[in-house]
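Hi,

Here's the model we talked about passing on. Have a look first, and my notes on what turned up follow below.

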Amino acid sequence: MNPPRTAWLFLTPALLVLGVFFLLPVIAALVLSLTDYDLYALANIHNLRFVALHNYWALLQRPLFWSALGHTVYFVAVGVPLSMGTSLGAALLLNSPLARCKPFFRTALFAPVVTTVVAVAVIWRYLFNTKYGMANFVLSHLGIHPLDWLGDPHWAMPTIILFAVWKNFGYNMIIFLAGLQAVPPDLYEAARIDGASAWRQFRHITLPMLGPTLLMVSILTVSGYFQLFAEPYVMTEGGPLQSTTSVLYLMYDEGFKWWNLGSASAVAFLLFLIMFAVTALMLKLARRGHDGEPA
Amino acid sequence: MNPRLAKALINGLLLGGAAVALFPLLWMLSVSFMQPGEASALPPPLLPAHATLGNYRELFVHAGMGRYLLNSLAVASTITVLSLACNLLAGYAFAKLRFAGRERLFQALIGALVIPAQVAMLPLFLLLKYLGLVNSYAGVIVPGMATVFGIFLVRQYARGIPDELLEAARIDGAGEWRIFGQIVLPLLKPIMVTLAIFSFLAAWNDFMWPLIVLTGQEHYTLPIGLASLAREHAQDSELMMAGSVITVLPVIVLFLAMQRYYLEGLLLGSVKG
């Protein structure tokens, strides 16, 4: 048996860092969100006033907050299914016994994941350039009029979604691939003998066996996509007409451009609450879906 | 379906997918060698007519890219080393050492994962301002010195170390630090490599926090420097592509060299338990 003192010595550095630089700021953020901390308070702390829930109340009445939330929800609602569908499709292809050069394809499909968002966003800005971009060049060959991808409020968010899917799908692909490889092959063998089609094998063997993985991946992906920031920062600066201003973008502007740290903290907490509620809802729905089935 | 057709279809789709995944990266490399203005043409050129290193020279000589590169290397390496030390110690303690409240404390840490890091950023900025660390390397490094994910990863791996091994060493009179240094660390080597790659890549690619805490150009890391260049030089595609190459190439090379460890860590980290 080790003396308990050693255990605490081993834990101290990590707990100190997490406590001082994460836990303490999180609690402080809650307090900060109940004050009117702004540029004046930054200059002199005596200007700070307690305003209770005023920041939250004011935010809920600001159209900009609702539109930022709307853009973020749009990004999550379209981006997550698209991204997970792509991941699952790629994983199924890679898992097929007919696929060749698997290590190469796996590496190639995964490569965008390790890249730096800012750098690849710069590339995409060029690919989707209205005048000289490759995307419009290809479209023009198909007889489609050029689009102002990042300059048109209707197209800017879809372009960012395409970018995010391209950048991220490889991550979940690897997780799905491991899940697929864990499905016992005799299940498929038995289904084939019974004459089940490829689609029915997918529907009745693959999907149920992947169930827990799918749930975990969707929760992690949803939380990740709610934190949209770097993509609009680099590709559109939140525009055009604020059509790509996400909740975190709003928090950044509010906090570090206008120095309304109280109000920005309220934005951060509202985002946290929304993410928490969505996660809880997903878990609840998943549990209900499993009623009667052994989980 | 005819098996030969199925085989062609599957491999064709994979080939198409790989092309879509790699094309932007390969094109970035190609455009980075083009003359200024060459890429703004129709049809978009695939290869440079007269390859030049001029964009790279411009970036290193006039745009301070060398400084950003060194900053990124220094910041990412320091975060990797320090977080490795903290996470290894704590992960091992959670896996193998006995103390009151161990499981509850670990559950609390895992529970903290639901809080997005951005919630902490505003007070963290004020705290670091108070400590005089805004616009310093330390300001970027300090919050990354320990991560719940890293502790979790080490704990999962360290649980596989047999207790008998540690008990035998204790009976032989070895102290806890010696056991950690001479028995545990060598056994944890694979997870150390995995965690080191993860930490380095995450630190290298991190954007929002360095953007907030670094206010002066002299401390910019590559992503921040590149983003600020991209706002000034929006039209200079060739220059921007060269900047992207400098930013992305180190992490791609690191990933290709250490792929096995990285993917193992990804799977280990995604298993909840």
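Chain B comes out with an average pLDDT of 92, and 99% of its residues score at least 70 (pLDDT is the predictor's per-residue confidence, from 0 to 100). For the complex, the predictor gives an ipTM of 0.91 and a pTM of 0.93.

Some housekeeping: residues are numbered from 1 along each chain as its sequence is written, with chains lettered from A and ligands numbered from 1 in the order in which they are written. This is a predicted model, so local features need pLDDT of at least 70 and side-chain atom pairs count only at pLDDT 80 or more, while totals for chains, interfaces and linings use all residues.

On to chain A. It has 13 helices and zero strands (DSSP runs numbered from the N terminus: H or I of at least four residues for helices, E of at least two for strands). Its C-alpha trace spans about 80 × 70 × 40 Å along the principal axes. Of the 295 residues in chain A, 40% are buried; that means 20 or more other C-beta atoms within 10 Å of a residue's own, with 12 or fewer counting as exposed, anything in between as partly exposed, and C-beta atoms placed from the backbone.

Chain A splits into domain 1 (25–61 + 260–295) and domain 2 (74–246), with bounds from an automatic or database domain assignment. Their centres, taken over C-alpha atoms, are 30 Å apart. Six residues from each domain make the contact (C-beta atoms, placed from the backbone, within 7 Å). On the domain 1 side, five are nonpolar, one is polar and none is charged. Here Ala, Val, Leu, Ile, Met, Phe, Trp, Tyr, Cys and Pro are nonpolar, Asp, Glu, Lys and Arg charged, and the others, Gly among them, polar.

Between the chains, 70 residues of chain B meet 69 of chain A. Helix α13(B) gives the most to the chain B side, with 14 residues. That side divides into 55 nonpolar, eleven polar and four charged residues.

Helix α7 of chain B (residues 148–158) has nine of its eleven residues buried, so it is largely enclosed by the rest of the structure. Its buried residues, including Phe152(B) and Arg155(B), pack against α1 of chain A as well as α3, α4, α10 and α13 of chain B. Just after α9(A), Gly195(A) takes a positive phi of about 80°.

Cheers

Definitions and conventions:
Two residues are in contact if their C-beta atoms, placed from the backbone, lie within 7 Å.
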